[in-house]
Amino acid sequence: MSEEQNEGDAIDAVVGAWHRERPELELTAIGVAGRLGRVAMLTTPMVEAVFAKHGLKQGEFDVLAALRRSGKPYTLMPSELSATLMMSRAGMTSRIDRLESAGLVERALDPEDRRSFRVSLTERGFEVVDAAMSEHTANVTKLLSPLGDDLDVLDRSLRRLLGSLDGDSPRKT
């Protein structure tokens, strides 16, 4: 056992207490799920801080990132954005409104269907999302650096887990 495993953590204390009370239960999965939740809780503020430096909230970054990775002309319909980000159209409308007010996206009527419109990155939006993505990538890389070579193992394991939970459905990106 490595030093890290000997020291224990807050999750070990919870699992240990349950093991004491219910020794018949196999609690490994509870420990893993608890650690995944704790990692998310601890890293979320650090990730959000990067977006805040660029004047964005996580959800606004997500919209800009979806537009940016869609490729030229960096334009999608609101329904495509909602589907890509797995959120309601009403929630998407409020995000688009905020981003449009900030000058990061613009709306234009769809020339093929004048009942709908398209959302496009502005030049400023392109610059903001590229700068935020560069800093976000460096930040997350640093946050996960203690894993070293285990990062690839974790990535494969989480991909397999998500595939089973998502039903292996391909995602639009």
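I take helices (H or I, at least four residues) and strands (E, at least two) as DSSP runs, numbered from the N terminus. The model is predicted, and local features need pLDDT of at least 70, side-chain atom pairs count only at pLDDT 80 or more, and totals for chains, interfaces and linings use all residues. Residues are numbered from 1 along each chain as its sequence is written, and side-chain values use heavy atoms, with hydrogens and water left out.

**Entry 1: overall layout.** I looked up the secondary structure and found 8 helices and 3 strands. In sequence order the pattern reads α-α-α-α-β-α-α-β-β-α-α. The radius of gyration is 21 Å, well over the 16 Å that the globule rule gives for 173 residues, so the chain is more spread out than a compact globule. Here the radius is taken over C-alpha atoms, and the rule is 2.2 Å times the number of residues to the power 0.38. I also noted that the C-alpha trace spans about 65 × 30 × 25 Å along its principal axes.

**Entry 2: the sheet.** I found an open sheet of 3 strands, ordered β1-β3-β2 with antiparallel pairing. β1 (75–76) and β2 (105–110) stand at the edges with a single partner strand each, so one side of each has no neighbour in the sheet. Two strands count as paired if DSSP finds at least two bridges between them; β1 and β3 (residues 113–121) are joined by 2 bridges. I traced Thr-75 to its bridge partner in β3, Ser-120.

**Entry 3: the largest pocket.** I define a pocket on a 1 Å grid over the protein atoms alone, as an open set of points where a 1.4 Å probe fits, with protein on both sides within 12 Å along at least five of seven lines; lining residues have an atom within 4 Å of a point. The largest pocket holds about 1400 Å³ of space, a volume being the space filled by probe spheres set on the points. Of its 31 lining residues, the closest to the centre are Asp-9, Arg-35, Val-39, Leu-147 and Leu-154. At least two lining residues come from each of α1 (3–7), α2 (10–21), α3 (28–53), α7 (123–144) and α8 (150–165). I recorded 17 nonpolar, 6 polar and 8 charged residues in this lining.

**Entry 4: the second largest pocket.** I read a volume of about 270 Å³ for the second largest pocket. Its lining consists of Val-47, Gln-58, Phe-61, Asp-62, Ala-65, Met-133 and His-136. α4 (58–69) and α7 each give two or more of these residues, and α4 supplies the largest share, 4 residues.

Definitions and conventions
Ala, Val, Leu, Ile, Met, Phe, Trp, Tyr, Cys and Pro count as nonpolar, Asp, Glu, Lys and Arg as charged, and the others, Gly among them, as polar.
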